[in-house]
Amino acid sequence: MRKPLVAALFALVIAGAGVAPAVAAPAPAAASTSTSASASAVKADTKAAAPTLQAVSLAGTVALSNCSGSVIRFPNSADSDPALVLSNGHCLETGFPEPGEVIVGQASSRTFGLLNSAGTRVATLRASKVAYSTMTDTDVTIYQLTSTYTTIKNSYGISALTVQDTHPTVGTAITVASGYWKRLYNCSIDGFAYRLKEGDWTWKDSIRYTSACNTIGGTSGSPVIDQATGKVVAVNNTGNEDGETCTVNNPCEVDASGNVTIHPGINYAEETYQIPACFTTGNKLNLSASGCTLPKP
């Protein structure tokens, strides 16, 4: 989770950007630090088989005023449905949702810069509402747009990214695609944190990256894309910046036994496979739908 601070403003001067992003995460540390001698990262026992990889581009990503995001659809979305934009809960324009807070159907006219594969801004999209936002268990905001998928495709030649509806696996080659910085970060899924705690917020089953994804401020909300399928498996959201334990901008991992581990410089994302079950015909949110496990208001 990255809030605007002096470090972010300094990064802007270097990069020549015009709007302050959230705070930059530092480069990965050479080693991780544990607050318990018996603590260890939560990892799956098996590695994913090496897939046939494909190039991932910035097509379908969007730039927000302070974060990144992407135009998404679900496996059952129709071309005529209103399009959706995925970003982080902590990127919500009205401020961080409180622990336990779930926002549904909040009015919004937020705009998003739509990018093509080369990272060129080809359109400005506009929200009609916040369909869903929370920082409890996960860190997501989903906006409903005034445009349909068909309109976006026919007008700008851009297709939405599809959200995978199955759990990702360790070892998967991924790309974090930042619309804010127009930059791609390539690495792999290193493992999963049973719980990821940062300040007052706790997230479940978070993805930990290998160190190559040294994401910085402004990448919050970026889609995490499986290089083998081109589908979104998570949304980028935080990293341990300076080695503190469980504080804001310094998340810690907590395993099922309560052991705490920190990984200075390592970054994380929140899984998205559970979201499609909560959106039904017409891309309408239905938190009572069968299989929907997202937190409810």
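I begin with N249, which sits in the loop between β14 (232–239) and β15 (252–254); strands here are DSSP runs of E with at least two residues, helices are runs of H or I with at least four, and both are numbered from the N terminus. This is a predicted model, in which local features need pLDDT of at least 70 and side-chain atom pairs count only at pLDDT 80 or more, while totals for chains, interfaces and linings use all residues. Residues are numbered from 1 along each chain as its sequence is written, and side-chain values use heavy atoms, with hydrogens and water left out.

Most residues other than glycine have a negative phi. N249, although not a glycine, has a positive phi of about 75°. Is N249 buried or exposed? With a relative accessible area of 7%, N249 is buried; buried means under 20%, exposed over 50%, and partly exposed in between, using a 1.4 Å probe and protein chains only.

D205 is not a glycine either, and its phi is positive at about 55°. It belongs to strand β12 (residues 201–209). At 23% relative accessibility, D205 counts as partly exposed.

D205 also leads us to the largest pocket, as one of its lining residues, which include K204, E271 and Y273. A pocket is an open set of points on a 1 Å grid over the protein atoms alone, where a 1.4 Å probe fits, with protein on both sides within 12 Å along at least five of seven lines; lining residues have an atom within 4 Å of a point. The volume of the largest pocket is about 200 Å³, that is, the space filled by probe spheres set on the points, which are joined across faces, edges and corners.

Let us turn to the aromatic rings. The structure holds four aromatic pairs; rings of Phe, Tyr and Trp (its six-membered ring) pair if their centres lie within 6.5 Å, and planes under 30 degrees apart are stacked, over 60 edge-to-face and the rest tilted. F74 and F279 form a tilted pair, at 5.0 Å centre to centre and 35° between the planes. F74 lies in the loop between β3 (68–73) and β4 (82–87) and F279 in strand β18 (residues 279–280), so this pair ties together parts 205 residues apart in sequence. F74 and F279 are buried. Y180 and W181 form an edge-to-face pair, with 5.0 Å between centres and 75° between the planes. Both Y180 and W181 are buried.

Finally, the protein chain has two helices and 19 strands, and 53% of its 297 residues count as buried.
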